Amino acid sequence: MVFTATRAEYGLLKPVIRRLAASPHCEPILVAGGDHLSEIKGHTIEEIINDGFEVKDTIINTCLGDTPVDIAKAIALATSKFAEIVARQKPDLLLLLGDRYELFAPATCALLYRIPIAHIGGGETTFGVLDEQVRHALTKMAHLHFVSTWEYGWRIRQMGEEAWRIFIVGAPGVENIRRTDFMSPEEIYDKFDINPALPTLLITYHPETLTNTQEPVKQIKELIAALKEFPEYQQVITYPGTEVGYLSVIEAWKEYAAGKSNVKLYPSLGSRGYLGMMRLAAAVVGNSSSGIIEAPSFHVPTVNIGDRQKGRIKAASVIDVAGDKESIVASLNKALKDQEFRRGLSNITNPYDPYGDGDVSGRIVKVLRTIPLDRKLLEKHLEFPLPEEERNYHVQ
């Protein structure tokens, strides 16, 4: 069973789902919920269906608000509905990706039904958001760990997880760049009315939910004030994820975009559209993980704002910056106009592609296809971390 709740998570899972569907040994049971069923977020379940996948079950638990109470109730509703789906579908294994709170519902149900959990994207750190704690909680709930870099695998090892459960596979977002037929400039123009010939900033900003004490609307106003200093750039903005304060961010973007021909605001571009737009962008701006993981493979610079992605391994193309207007403007000038910095972009290597081939889904599916689904997989035993000199050969 594969669960997806957001546009970004689905885009990363897509190659794995396709590889599972093509395997004679595996049958993916795809369950969609959360943002995919939300009209506000563009009803992105249609993208899944258009990609040719069968959605076996859905969970309609859309947050109508953005307060802690709204989100807690959505998690509770999802848990209740997911329990019924698991009872009906009887999966052998549950595959999850990422660090979003929506994953607690399927993970909790899987544990109660004694279904092993495979988790993609553990061991990473994002100090500025609650996802930091969610990710590590999912690591302790999961039985198999597919990580993007050696450092992240070693962090899971330090958490006491047995070495045979940890597999370094690379980041799924890199595979999308290497293997996905992302949108051409002509498609982008036809579908979104975005002129691919214009110098463009690709912008996504999520509320910081942990370290920043400012209200999300105050955070976004600083970014908007900075963007106003670059009217010569086409500014393509996508909606934030569903979390505390996200509605105020959307309203601020709507107000900023109103009446401006150079500002384009979309709930979602879809994974093909988003990557196609990133490939053409002069810079990626905001605090999305895509600016850290995917953008370096396109040799596109990232202006990474605030603490949301603090702690992640970053390529030299990523410029970390505080959330005030002056700092953002200075970093944008460096990313867009510093000729020495831009010349160096062509030599950037992406740390999330450790093997250089982008075959992340192949590595994941090979493990899922061959791992024994037995009592040993379910019974986890705490192991203390090994001495530093021994660690190289204790992570798969």
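Reply: In helix α11, the buried residues are G270, S271, G273, Y274, L275, G276, M277 and M278. The model is predicted, so local features need pLDDT of at least 70 and side-chain atom pairs count only at pLDDT 80 or more, while totals for chains, interfaces and linings use all residues. Residues are numbered from 1 along each chain as its sequence is written, and side-chain values use heavy atoms, with hydrogens and water left out.

Me: What makes helix α11 largely enclosed by the rest of the structure?

Reply: Buried means under 20% relative accessible area, exposed over 50% and partly exposed in between, with a 1.4 Å probe and protein chains only. Eight of the 11 residues of α11, which covers residues 270–280, are buried, and therefore this helix counts as largely enclosed. Helices here are DSSP runs (H or I, at least four residues), as are strands (E, at least two), and both are numbered from the N terminus.

Me: How do you know that α7 is mostly covered, and what covers its buried residues?

Reply: Six of the eight residues of α7 are buried, namely P172, G173, V174, E175, N176 and I177. Their cover includes α1, β4, β5, α11, α12 (290–293) and α15 (360–370).

Me: Why is α1 called roughly perpendicular to α7?

Reply: Helix α1 (residues 7–22) packs against helix α7 (residues 172–179) at an angle of about 75 degrees, and their axes are 8 Å apart. Angles of 65 to 115 degrees count as roughly perpendicular, those under 35 as roughly parallel, those over 145 as roughly antiparallel and the rest as oblique, so α1 is roughly perpendicular to α7. The axes are lines fitted to C-alpha atoms, for helices over the stretch in contact, with angles running from 0 to 180 degrees between N-to-C directions. In this pair, G11, L12, P15 and R19 of α1 meet P172, G173, E175 and N176 of α7 (contact means heavy atoms within 4.5 Å). By class, the contact has three nonpolar, three polar and two charged residues, where Ala, Val, Leu, Ile, Met, Phe, Trp, Tyr, Cys and Pro count as nonpolar, Asp, Glu, Lys and Arg as charged, and the others, Gly among them, as polar.

Me: Why are α3 and α4 called oblique to each other?

Reply: Helix α3 (residues 68–89) and α4 pack at an angle of about 45 degrees, with their axes 8 Å apart, and this angle makes the two helices oblique to each other. The contact joins I75, A78, T79, F82, A83 and V86 of α3 to A105, P106 and C109 of α4, and by class it has eight nonpolar, one polar and no charged residues.

Me: What makes α9 roughly parallel to α10?

Reply: The axes of α9 and α10 come within 9 Å and cross at roughly 30 degrees, and so α9 is roughly parallel to α10. On α9, the contact is made by P216, V217, I220, L223, I224 and L227, and on α10 by S248, V249, A252, W253 and Y256. By class, this contact has 10 nonpolar, one polar and no charged residues.

Me: Which residues touch the most other members of the largest nonpolar core?

Reply: A nonpolar core is a set of buried Ala, Val, Leu, Ile, Met, Phe, Trp, Tyr and Cys residues joined through side-chain atoms within 4.5 Å. Of the 33 residues in the largest such core, L201, L223, W253 and L332 touch the most other members. Elements that each supply at least two residues of this core include β8 (200–204), α9 (216–227), α10 (246–257) and α13 (325–337). A second, separate core of 31 residues includes L12, L95, L97 and I120.
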